[in-house]
Amino acid sequence: MTKLVGELFSVDSSRSDRRRICRLLCGLGRDREASVLYLKRASEEIASHHRLVKPCGDIPSLIEGLADLFFECLQDTVVNYQSLFGAEGSRASFGICLSWLTREIEAFIQKILLMVGVVLHLTRRHWASATRR
């Protein structure tokens, strides 16, 4: 099992590799662990996408770009999650996914608030230094 988990979190693993690993874990009776690990891996992917975005002065464009990317990742993750773990319609499986979605959306909101704060702070500093000249 440790080897499969290592492969799941490998930087080199593709989406099809991750799906195959999750199916193997489910075949071993580790459905719950597989679903939690799958979502944890998705969280890491979302976080890595956000690290690539740098705050800029155009707040609406910044938020729009982040939101487009974020919700596309969420949709892709949920569609794949349903195909991997939702076939039986397990309430526990959907509960795990819903809990994950809630945490990701809350983290996204915090990220947006932080980025907007940074942009506003930098803008104020820029205007303050410009008016002193």
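Does L37 count as buried, partly exposed or exposed, and at what relative accessibility? L37 counts as buried because its relative accessibility is 15%, where buried means under 20% relative accessible area, exposed over 50%, and partly exposed in between (1.4 Å probe, protein chains only). The structure is a predicted model, in which local features need pLDDT of at least 70, side-chain atom pairs count only at pLDDT 80 or more, and totals for chains, interfaces and linings use all residues. Residues are numbered from 1 along each chain as its sequence is written, and side-chain values use heavy atoms, with hydrogens and water left out.

**Overall architecture**

- The chain contains five helices and zero strands; helices (H or I, at least four residues) and strands (E, at least two) are DSSP runs, numbered from the N terminus.
- Read from the N terminus, the order of elements is α-α-α-α-α.
- Of the 133 residues in the chain, 32% are buried.
- Among contacts with a separation of 6 or more, 70% join residues 24 or more positions apart, a contact being heavy atoms within 4.5 Å.

**The largest pocket**

- The volume of the largest pocket is about 180 Å³. On a 1 Å grid over the protein atoms alone, a pocket is an open set of points with protein on both sides within 12 Å along at least five of seven lines, whereas a cavity is a set of points where a 1.4 Å probe fits but cannot get out. Grid points are joined across faces, edges and corners, and a volume is the space filled by probe spheres set on the points.
- The lining of this pocket consists of 13 residues, and R15, E45, C73, D76 and T77 lie nearest its centre; lining residues have an atom within 4 Å of a point.
- Two or more lining residues come from each of helix 2 (15–27), helix 3 (31–51) and helix 4 (59–85).
- Helix 4 gives the most to the lining, with six residues.
- By class, the lining has five nonpolar, two polar and six charged residues. Here Ala, Val, Leu, Ile, Met, Phe, Trp, Tyr, Cys and Pro count as nonpolar, Asp, Glu, Lys and Arg as charged, and the others, Gly among them, as polar.
- C73 counts as buried because its relative accessibility is 15%.

**Cysteines**

- A search of the whole structure finds zero disulfides, a disulfide being a pair of cysteine sulfur atoms within 2.5 Å.
- For C26, the closest cysteine sulfur is that of C22, at 6.6 Å, which is too far for a bond.
- C26 counts as buried because its relative accessibility is 19%.

- L24 lies in helix 2 and counts as partly exposed, at 41% relative accessibility.
- The C-alpha atoms of L24 and A34 are separated by 8.9 Å, and the two residues are 10 residues apart along the chain.
- V36 is in helix 3 and counts as partly exposed, at 40% relative accessibility.
- V36 and C97 are 61 residues apart in sequence, and their C-alpha atoms are 8.4 Å apart in space.
- L37 also lies in helix 3; L37 and C22 are 15 residues apart in sequence and 8.5 Å apart in space, C-alpha to C-alpha.

**A residue in helix 4**

- L66 is in helix 4 and is buried, with a relative accessible area of 0%.
- L66 and K111 are 45 residues apart in sequence, with 9.5 Å in space from C-alpha to C-alpha.
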